[in-house]
Amino acid sequence: MHIRDRIRELRRVPASQLIPNPKNWRTHPEKQRNALQGVLAEIGYADALIAREMPDGTLMLLDGHLRAETTPNQEVPVLILDLDDAEADKLLALLDPLSAMAGKNDELFADLISNLETSSDAVRELLDDTLGLNQDAEEPVLRREAVIPEFFQIVIECESEEHQKEVYEKLNSEGFKCRLLTL
């Protein structure tokens with residue numbers, strides 16, 4: 001399969017000159033805005049915005065709307081793509097959903113972010129939400145430890161799910177109060 005390179009150039013442009021795409025379907029809640037400000041303050045720009053050049057020479061955004069809006073007076077890196085209207089719409093629709101399809105190794109991810117230091121409360125909150133440490137998070141993605149109530153318990157390590165089921169059924173039949181737990 002031949003894959004075309006649609007990137008014409010990398011150009012540094014004042015963010016205020018980038019035209020927001022009227023078809024941009026992404027919204028940016030305050031929590032995300034605050035976290036982005038924290039990341040930009042601590043790291044800076046480490047990724048390019050994506051735009052295409054319109055017939056009148058203006059640059060219309062396909063990705064990076066919040067970054068451009070957050071730093072309007074900053075000169076930002078922009079990948080200029082060679083796309084027609086239909087291709088631009090398709091990319092706008094697919095970039096984020098395609099990225100969201102990626103899986104992750106929870107253990108590696110937890111190890112990576114558990115040691116990160118930040119001076120931004122918003123970035124810390126984002127990391128805590130992702131680790132499942134923030135109980136107010138709408139949808140924690142990952143929890144590192146099970147919370148076990150304070151009473152006497154025994155945890156039995158089983159070789160497989162089938163073995164776990166066998167042990168559970170045996171103990172249950174002997175009158176023990178049991179719960180299945182997978183860590």
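View 1. The buried residues of helix α1 are Ala35, Leu36, Gly38 and Leu40; a residue is called buried under 20% relative accessible area, exposed over 50%, and partly exposed in between (1.4 Å probe, protein chains only). Helices (H or I, at least four residues) and strands (E, at least two) are DSSP runs, numbered from the N terminus. This is a predicted model, in which local features need pLDDT of at least 70 and side-chain atom pairs count only at pLDDT 80 or more, while totals for chains, interfaces and linings use all residues. Residues are numbered from 1 along each chain as its sequence is written, and side-chain values use heavy atoms, with hydrogens and water left out. Helix α1 covers residues 30-42, and its end C-alpha atoms are 18 Å apart, which agrees with the 18 Å that its 13 residues should span at 1.5 Å a residue; the expected span is 1.5 Å times one less than the number of residues. Just after α1, glycine 44 has a positive phi of about 95°.

View 2. Asparagine 21 sits in the loop between β2 (18-19) and α1. Its relative accessibility is 9%, so asparagine 21 counts as buried. Two polar contacts are shown, a polar contact being a pair of N or O atoms within 3.5 Å; within protein, one must be able to donate a hydrogen and the other to accept it, and residues adjacent in sequence count only if both atoms are side-chain atoms. The side chain of asparagine 21 reaches the backbone nitrogen of lysine 23 at 2.8 Å, and a polar atom of this side chain lies 3.2 Å from the backbone oxygen of leucine 61. Apart from neighbours within four places in sequence, asparagine 21 is in contact (heavy atoms within 4.5 Å) with Met60, Leu61, Leu62, His65 and Leu92.

View 3. Side chains of opposite charge can pair when their charged atoms come close. The whole structure holds 12 salt bridges, each defined as a side-chain nitrogen of Lys or Arg within 4 Å of a carboxyl oxygen of Asp or Glu. In one of them, glutamate 87 meets arginine 6 (2.9 Å, N to O). Glutamate 87 belongs to helix α3 (residues 85-100) and arginine 6 to the segment before β1 (7-14), so this pair ties together parts that are 81 residues apart in sequence. A salt bridge also joins the side chains of lysine 23 and aspartate 89 (2.7 Å, N to O). Because lysine 23 lies in the loop between β2 and α1 and aspartate 89 in helix α3, the pair ties together parts that are 66 residues apart in sequence. Lysine 23 is exposed at 52% relative accessibility, whereas aspartate 89 is partly exposed at 29%.

View 4. Arginine 67 and aspartate 63 meet through their side chains in a salt bridge (3.3 Å, N to O). Arginine 67 is buried, with a relative accessible area of 14%, and aspartate 63 is partly exposed at 22%.

**View 5. Strand β5 and its partners.** Strand β5 (residues 75-81) is mostly covered, with 5 of its 7 residues buried. Two strands pair if DSSP finds at least two bridges between them. β5 pairs with β1 in the antiparallel sense over 7 bridges, and valine 76 in β5 is the bridge partner of valine 13. Strand β3 (residues 49-53) runs parallel to β5, joined by 4 bridges; here isoleucine 50 has leucine 79 of β5 as its bridge partner.
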